[in-house]
Number of protein chains: 2
Amino acid sequence: MRAGREPSRDGALNLNDAPPRQSAPSAADLQAVLSLPENQALAVSIASRLRDALLAGYFGPGEQLREEPLARSMGVSRGPVREALLRLEREGLVVVRRNRGAFVARLSAQDLEEVYTLRVAIECLAVRRVVRLATDAELDALQAVVDQMAAADARGVTEQEAAELDLRFHDLVYLASQHRRLNESWGNLRPQAHILLLNRNVAREDFREFLVQGHQWIVDAVRDRDEDRAVATIEDHLRGSYERVAAGLDLRAGRTAGEGADGGR
Amino acid sequence: MRAGREPSRDGALNLNDAPPRQSAPSAADLQAVLSLPENQALAVSIASRLRDALLAGYFGPGEQLREEPLARSMGVSRGPVREALLRLEREGLVVVRRNRGAFVARLSAQDLEEVYTLRVAIECLAVRRVVRLATDAELDALQAVVDQMAAADARGVTEQEAAELDLRFHDLVYLASQHRRLNESWGNLRPQAHILLLNRNVAREDFREFLVQGHQWIVDAVRDRDEDRAVATIEDHLRGSYERVAAGLDLRAGRTAGEGADGGR
DNA sequence: CAGTTGCTGATTGTTAGCAATCATCGACCA
DNA sequence: TGGTCGATGATTGCTAACAATCAGCAACTG
């Protein structure tokens, strides 16, 4: 496992490439384009790549993530890798034990319950603000994601695709809430929610209704500026998501029962 | 340089001292005593000391925190200081700008609003769980803090004392909620709440009623296992706290209007 | 033979030093 | 004389090497 040879070095260092030509850049676009590459520190980039790898299931649950091999495979030193692992720790993707190292986190049923109860708490606040603050453009963006869901669902959707569209919708909700700390909280919870979402069973018959219709109802409530309905709708939606993930997790737990690899917290 | 002999190092490293003799240590006590020193990494210890310094107002708002002077004054190298500053960043006490350094955060009126709206969201979830889960011992601990508030208030209380007792009460609430992620969220919000609490005006006539009686009502509602009342009570309590802090912040902003200078502590 | 004790290899925690980046300030030019 | 551009000093970002710590294993002892 874990074939060490990978051309990953380029992936980390292409951040310094010159920005591509723009035909007619506005002042704002130019500002964004020019500030993008430099805004990405090495540690952030590494954290991002490790996060992707973890979400893709490249590392097994409970597996130890040693700093030196990771640093070598990415062509950097241990410093930024260390910082990246600390970031992933606060995102709940890894568990760091003093003098022991970082391990891929295992999400138990209790973790699932914690993630979703906390998510309900902060996301209700988010939608409440969105109902009051959302612009038409933001509403259109939400609707666009729902449309993408419908299109993806029509041609058949994978767990991964469904999870990403789902998360993208909720990203927009938090963004429109205009609340920095709320966005940060979501940023810390999001990767765990992502992992959990991959356990849903998209093959279930009512999945289309849940995914597409469920989000559509939220958009409708927000568009109608009906705060109470929006909150109730998102509560129901998250409860439904929770139950589907729990069902999927039980299935998977049953399938891999007695696996019991090391590293469990 | 590492001259070896320097007294400042002791402050950080006296964790390795042999544990003092215990006359009749129980197994649990022994376990606690022996595991305590090693659980504290250097970066954590430094973050703690810097946090205390920031809360004590030792650094002025907007002042830059350079890594090398901090490291020298603490007798360590820049590495752990750097990690400590990142911790303080996620606690909202400092702002780190790439290639620019760390600066003491300034809390605006919008920050105040964000901290309190987020706090209401997560603390309502916390009390809801506490109502269902709290043991008699935890209820007694909450009551004990309220009693301490009454005693402190009777002999006259400073802003600092009031803030610490206030925070201690809410710490216990989160602890009793039995929700790891909720406790982490509170841990990230707590230092900002602490700073804001120092702006309350404890001299106001109704402060005793607010501090002592307000928390007593919460304990009562929890003891009666009345979930809805407990949530409503804590919502009111936090709203009251918000208004007092906002009033104090306005006062202070008025007094120091046009200050705006960075740097000088 | 069970339990404990002292080694050993590997991994993290920490340190010191080098390179890249940014703000500041002075020189140059229209 | 006002404004822009290029040097300069300071500070962060990163690297590589050193020291402390821990799990595992073998030898020892009762």
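The second largest pocket of this predicted model has a volume of about 1,000 Å³. A pocket is here an open set of points on a 1 Å grid over the protein atoms alone, where a 1.4 Å probe fits and protein lies on both sides within 12 Å along at least five of seven lines; the volume is the space filled by probe spheres set on the points, which are joined across faces, edges and corners. Of its 29 lining residues, Ala121(A), Cys124(A), Ala121(B), Cys124(B) and Arg128(B) are the closest to the centre, a lining residue being one with an atom within 4 Å of a point. Both chains contribute: helix H6 (109–133) and helix H11 (227–255) of chain A, and helix H6 (109–133) and helix H11 (227–255) of chain B, each supply at least two residues of the lining. Helices (H or I, at least four residues) and strands (E, at least two) are DSSP runs numbered from the N terminus. The lining comprises 15 nonpolar, two polar and 12 charged residues, where Ala, Val, Leu, Ile, Met, Phe, Trp, Tyr, Cys and Pro count as nonpolar, Asp, Glu, Lys and Arg as charged, and the others, Gly among them, as polar.

Residues are numbered from 1 along each chain as its sequence is written, and chains are lettered from A in the order in which they are written. Local features need pLDDT of at least 70, side-chain atom pairs count only at pLDDT 80 or more, and totals for chains, interfaces and linings use all residues, while side-chain values use heavy atoms, without hydrogens and water.

Helix H6 of chain B also meets helix H9 (residues 180–197) of chain A: their axes come within 8 Å and cross at roughly 50°. Axes are lines fitted to C-alpha atoms, for helices over the stretch in contact, with angles from 0 to 180 degrees between N-to-C directions. H9(A) and H6(B) are therefore oblique to each other, the class left after roughly parallel (under 35 degrees), roughly antiparallel (over 145) and roughly perpendicular (65 to 115). The contact (heavy atoms within 4.5 Å) involves Arg180(A), Arg181(A), Leu182(A) and Ser185(A) of H9(A) and Asp111(B), Glu114(B), Val115(B) and Leu118(B) of H6(B).

In chain A, three strands form an open antiparallel sheet in the order E1-E3-E2, pairing being assigned where DSSP finds at least two bridges. E2 (residues 94–97) and E3 (residues 101–104) of chain A are joined by four bridges, with Val95(A) partnered by Phe103(A). Asn99(A), in the hairpin of these strands, takes a positive phi near 60°.
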